[in-house]
Amino acid sequence: MADEDQASDERSGGDRLRAALAEDDDPADLVALIEEAGRTKDRLDQLDAILRGDTDLWAQLTEGRSGKVLEIRVDSVMQEARQLTTVFRQTLAEIRRRRDGGTFSGKLGGLLDDL
């Protein structure tokens, strides 16, 4: 595997999304939207890991001295993921609208078609 391919595999989903969407001449407001889309992607990836049971991501348990059973409840993770997905879609749609007037042409349209 080439060094460039290996480096891209180590980047977060948000980093890859930012790199795919960013263009050198983007105005500041579009750059801010792209940054937010990247952060949102990273949050969605973390929520997905929690939903898949990757407890190392969000919790560490140690047995107490009393030996009592500990119960951990994670409420509303799925609901939060659904809400954040809606925000993510809206952010990407706004980026698309600002980039190319709402058409599905060009680099951004092709990227969004893959989502």
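The legends below describe close-up views of a predicted model.

Local features are given where pLDDT is at least 70, side-chain atom pairs count only at pLDDT 80 or more, and totals for chains, interfaces and linings use all residues. Residues are numbered from 1 along each chain as its sequence is written, and side-chain values use heavy atoms, with hydrogens and water left out.

**View 1. The helices of the protein.**
The protein has six helices and zero strands, and from the N terminus on its elements run α-α-α-α-α-α. Helices (H or I, at least four residues) and strands (E, at least two) are DSSP runs, numbered from the N terminus. Of the 115 residues in the protein, 23% are buried; buried means under 20% relative accessible area, exposed over 50%, and partly exposed in between (1.4 Å probe, protein chains only). Among contacts with a separation of 6 or more, 63% are between residues 24 or more positions apart. Contact means heavy atoms within 4.5 Å.

**View 2. Helix H2 against helix H3.**
Two packed helices are described by the angle between their axes and the distance between the axes. Helix H2 (residues 13-21) packs on helix H3 (residues 28-51) at an angle of about 150°, and their axes are 7 Å apart. H2 is therefore roughly antiparallel to H3. Axes are lines fitted to C-alpha atoms, for helices over the stretch in contact, and angles run from 0 to 180 degrees between N-to-C directions. Angles under 35 degrees count as roughly parallel, over 145 as roughly antiparallel, 65 to 115 as roughly perpendicular and the rest as oblique. The crossing of H2 and H3 is right-handed; a crossing is right-handed if the near helix is turned clockwise from the far one by less than a right angle, and left-handed if anticlockwise.

**View 3. Residues in the contact of H2 with H3.**
On the H2 side, the residues are Gly13, Gly14, Asp15, Leu17, Arg18 and Leu21. They meet Ile34, Glu35, Ala37, Gly38, Arg39, Lys41, Asp42 and Asp45 in H3. By class, this contact has four nonpolar, three polar and seven charged residues. Ala, Val, Leu, Ile, Met, Phe, Trp, Tyr, Cys and Pro count as nonpolar, Asp, Glu, Lys and Arg as charged, and the others, Gly among them, as polar.

Arginine 18 is found in helix H2 and is buried, because its relative accessible area is 14%. Not counting residues up to four places away in sequence, arginine 18 touches Ile34, Glu35, Gly38, Arg39 and Asp42. Valine 31 has its place in helix H3; with a relative accessible area of 38%, valine 31 is partly exposed. The C-alpha atoms of valine 31 and arginine 18 are separated by 9.0 Å, and the two residues are 13 residues apart along the chain.

**View 4. Proline 27 in the loop.**
Proline 27 lies in the loop between H2 and H3. At 43% relative accessibility, proline 27 counts as partly exposed. Arginine 99 is 72 residues from proline 27 along the chain, and their C-alpha atoms are separated by 10.0 Å.

**View 5. Helix H3 against helix H5.**
H3 and helix H5 (residues 77-100) pack at an angle of about 155°, with axes 9 Å apart. H3 is thus roughly antiparallel to H5. The crossing of H3 and H5 is left-handed. The contact of H3 with H5 divides into 15 nonpolar, three polar and seven charged residues.

**View 6. Buried residues and ends of H3 and H5.**
Leu30, Leu33, Ile34, Ala37, Gly38, Thr40, Leu44, Leu47 and Ala49 are buried in H3. In H5 the buried residues are Val77, Ala81, Leu84, Phe88, Thr91, Leu92, Ile95, Arg96 and Asp100. H3 is followed by glycine 53, with a positive phi near 95°, and H5 by glycine 101, with a positive phi near 70°. The 24 residues of H3 should span 34 Å at 1.5 Å a residue, and its end C-alpha atoms are 35 Å apart, which agrees. The expected span of a helix is 1.5 Å times one less than its number of residues.

**View 7. Leucine 44.**
Leucine 44 is in helix H3 and counts as buried at 14% relative accessibility. Not counting residues up to four places away in sequence, leucine 44 touches Ala81, Leu84, Thr85 and Phe88. Leucine 44 and glycine 13 are 31 residues apart in sequence and 9.4 Å apart in space, C-alpha to C-alpha.
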